[in-house]
Amino acid sequence: MSFHFYTQLNSMDCGPTCLRMVIKHYGKHYSADFIRQQMGFSKAGVSLLGISDTAEKMGFRTRGLQINYKMLQNVQQPSILHWDQNHFVVLIEASKRKVRIADPAHGILMYTPEEFQEHWASNISEKDGKVGTVLMLEPTPDFYNDYGDKEKKLSWGIFTQYLRQNRWQISQVFFSLLLSSIIQLLLPFLTQTMVDTGINTQNLQYITIVLIAQLTLTFSNAIVVFIRSRLQLNISNSINLSLLSDFWIKLSRLPLSYFDSRHTGDTLQRINDNQQIQKFLTGDALSIIFSGANFLIYAVILTFYSVPLFLVFMTGNILYFGWIRLFLFLRRKINYQTFHLSATENNATLQLVQGMQEIRLNNAEKLKRWEWENIQALIYKLNFKSLNYNQWQSTGGLFITQGKDIILSFMVAKMVIEGQLTFGTMLAIQYIIGQLSSPVQQLIGLSQSIQDTKISMERLNEIHTLKEEEPPEQHFVNELPESKTLSIQQLSFTYPVAGSNPVLENISLTIPEGKTTAIVGVSGSGKTTLLKILLKVYEGYDGNIHVGNKNFRHLGHTFWRNQCGSVLQDGYIFNDSIARNIAVSDEYIDYPKLLDSCKIANILSFIETLPNGLNTKLGADGTGISQGQRQRILIARAVYKDPQYLFLDEATNALDANNEKDIVENLQDFFKGKTVIIVAHRLSTVKNADNVIVLHNGQVAEEGSHEYLASIQGKYYELVRNQLELGQ
């Protein structure tokens with residue numbers, strides 16, 4: 001039974017990929033990104049409920065069951081299984097003797113029923129014994145009402161453009177390859193004429209001339225190879241820089257919500273994918289053209305000398321190529337496994353380095369080290385498996401090639417003895433056979449390289465085909481209206497994870513221009529989510545937002561963020577100087593403005609105690625700072641930007657009372673004429689706001705001044721009474 005297999009493109013992408021395979025089995029195609037959006041995708045992956053809900057939206061009838069293996073054999077296939085308690089796979093076939101599954105991380109795999117149940121069966125039922133979880137899927141008539149997406153084949157166009165940009169240097173490489181081929185072609189004929197003419201006639205002068213010619217050609221070829229290597233290095237560096245630069249440009253144009261749903265390790269691994277493609281474009285792809293041409297030329301010459309020799313040579317190489325092909329599928333599976341293990345190792349290593357303080361404080365060194373060692377053990381097992389396959393491949397290949405060479409040597413020697421060939425011709429033929437073997441090896445290496453490059457292309461094409469935050473074909477407004485008041489009508493937002501409840505529900509409020517608005521509420525009430533919607537981080541909301549008379553959706557993202565300053569809870573400190581951490585977007589720093597920002601953020605006195613002052617380096621390679629100092633640098637960054645809109649999310653929660661009091665007082669003057677939205681719990685931060693909005697369960701519960709809300713003793717009163725000591 002044929003089954004179309006798809007590979008998961010991210011470490012947590014198994015659920016959407018499994019559903020994509022089932023949909024393809026029933027004759028329709030959808031892109032991985034389309035299914036991911038329908039399903040709601042996050043760094044935590046998806047649940048079986050999420051897969052079921054999405055499948056039903058797309059026209060399937062679903063049913064989740066916990067059953068034993070005997071009952072599983074009667075379930076309609078394909079179905080989706082919960083695997084190893086943290087993964088999803090597609091069940092293709094289950095019988096008494098074998099089980100076939102499509103694992104989006106590892107390929108199509110075969111198991112015995114016993115091996116299968118070790119991964120699938122997770123519970124023990126008194127009635128049924130070992131049971132596992134399965135999601136049955138059956139298409140309904142609604143499934144066939146939609147034609148799906150037009151399937152897009154892998155396109156080399158994105159990457160071959162980099163070759164066109166370097167076409168002059170590439171043409172020089174081609175010329176050097178052609179020159180090398182001509183030189184290599186002349187050498188066997190010189191050898192033949194030296195033996196048959198020079199040695200047989202005992203003409204030492206003739207032999208000397210031929211040897212000088214050979215030496216000259218060899219020296220010339222060495223110079224050509226030397227120059228070509230330098231040209232290829234230049235091309236390689238140029239393409240590598242262009243590939244990676246364009247990759248970062250594309251990443252920087254994706255919606256900010258993209259990074260909420262992707263692990264850092266997945267993104268880092270795609271840098272390796274760029275390097276794999278660069279290596280292919282500048283190495284194998286260039287040389288294989290001339291390797292093929294050389295093969296044809298030498299094949300014709302060998303055929304001219306002896307057809308039987310050529311047939312034996314080709315038969316041996318066809319057998320060798322067939323043997324290598326047997327291992328390509330295994331290499332593909334190992335490549336997938338290596339990618340996902342490498343991404344996991346990247347995340348684990350980053351966690352060990354960045355979280356060492358918390359690890360030590362909680363005495364979790366041994367546990368976290370064991371987790372890292374377990375990953376290394378899996379990598380070792382994978383490397384051992386890869387070595388095992390390579391050894392079998394090499395041993396079989398060596399046996400075939402050595403057998404072919406022995407047969408050819410015997411045939412050539414026999415032909416010389418029988419007088420069909422001269423001794424010089426024998427040497428020339430041996431040289432030609434050697435030259436023919438090199439292109440064959442390169443062709444086999446190319447097939448493996450193409451396979452690895454294709455996998456890298458699949459992963460990179462996913463990035464390059466994602467919709468950008470500001471698509472070129474869409475027009476955005478890049479100016480603010482006269483009135484800059486923010487008006488929100490019937491705003492609702494649900495995180496794109498199946499089964500999630502709305503975080504914000506039918507919110508309507510006004511944030512007046514030039515005023516300070518505070519948003520308070522218990523944790524999880526939607527405060528930070530609302531702030532990120534207003535910063536255009538999240539866009540999949542229902543309802544309307546207007547800036548004056550302009551629709552918020554139509555404002556350009558880059559333009560809008562130029563008008564906004566923000567201090568968020570997860571603000572990032574760069575591995576750079578304090579000055580560069582504050583003036584992050586300025587090529588040339590305005591130092592008077594920088595000093596004013598530091599004064600307002602009440603951090604100038606701390607900076608002046610440092611040996612290098614504003615040039616003190618922060619981050620992984622620099623000085624460590626406290627959470628309060630970090631927060632003050634983030635405040636200075638927002639102040640330095642001098643925006644029209646300022647968004648503060650718990651901007652002073654890590655500060656002591658004295659620092660907070662000074663900063664709040666300093667900010668009051670800075671706030672004048674600016675539209676400020678503050679999310680905070682502390683009374684000292686919000687009591688001076690012009691308007692306080694209380695969110696509860698994603699809805700506006702109360703709204704008014706601090707005095708008014710405290711007097712009505714509602715939700716706001718409950719939030720701050722411990723700070724105010726009201727009613728005591």
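**Strand pairing, a buried strand and salt bridges**

Visitor: How many bridges join strand S16 to S17?
Guide: Strand S16 covers residues 691–696 and runs antiparallel to S17. Strands here are DSSP runs (E, at least two residues) and helices are DSSP runs too (H or I, at least four), numbered from the N terminus; two strands pair if DSSP finds at least two bridges between them. In S17, Val 700 is the residue opposite Leu 695. The number of bridges joining S16 to S17 is 5.

Visitor: What kind of model is this, and how are its residues numbered?
Guide: It is a predicted model, in which local features need pLDDT of at least 70 and side-chain atom pairs count only at pLDDT 80 or more, while totals for chains, interfaces and linings use all residues. Side-chain values use heavy atoms, leaving out hydrogens and water, and along each chain, as its sequence is written, residues are numbered from 1.

Visitor: Which are the edge strands of the open sheet of 6 strands?
Guide: The order in this open sheet is S13-S14-S15-S10-S16-S17, and the pairing is mixed. An edge strand here pairs on one side only. That leaves strand S13 (564–567) and strand S17 (699–704).

Visitor: Is strand S4 largely enclosed or exposed?
Guide: Buried means under 20% relative accessible area, exposed means over 50%, and partly exposed lies in between (1.4 Å probe, protein chains only). In a regular strand the side chains alternate between the two faces of the sheet. Val 99, Ile 101 and Asp 103 point one way from S4, Arg 100 and Ala 102 point the other way, and all are buried. Since 5 of the 5 residues in S4 (residues 99–103) are buried, the rest of the structure leaves this strand largely enclosed.

Visitor: Which residue is the bridge partner of Leu 91 in S4?
Guide: Strand S3 (residues 87–94) pairs with S4 in the antiparallel sense over 4 bridges. The two form a hairpin, with 4 residues between them. Within S4, the partner of Leu 91 is Ile 101.

Visitor: Which residue in S5 stands opposite Val 99?
Guide: S4 is joined to strand S5 (residues 107–111) by 5 bridges, and the strands run antiparallel. This hairpin has 3 residues between its strands. Opposite Val 99 stands Tyr 111.

Visitor: How many residues apart are Lys 250 and Glu 468?
Guide: These two form a salt bridge (a Lys or Arg side-chain nitrogen within 4 Å of an Asp or Glu carboxyl oxygen), with closest N and O atoms 3.4 Å apart. Lys 250 lies in helix H8 and Glu 468 in the loop between helix H13 (423–464) and strand S8 (486–493), so the pair links distant parts of the chain, separated by 218 residues.

Visitor: Are Lys 250 and Glu 468 buried or exposed?
Guide: The relative accessibility of Lys 250 is 9%. For Glu 468 the relative accessible area is 18%. Both residues count as buried.

Visitor: Which helix holds both Arg 369 and Glu 373?
Guide: Their side chains meet in a salt bridge at 2.9 Å, N to O. Arg 369 is partly exposed at 38%, and Glu 373 is partly exposed at 35%. They are 4 residues apart, about one turn, in helix H12 (residues 365–417).

Visitor: Where does Arg 561, the salt-bridge partner of Glu 469, lie?
Guide: The closest N and O atoms of this pair are 2.7 Å apart. Glu 469 lies in the loop between H13 and S8, 92 residues from its partner. Glu 469 is buried at 9% relative accessible area. Arg 561 lies in helix H15 (residues 557–562).
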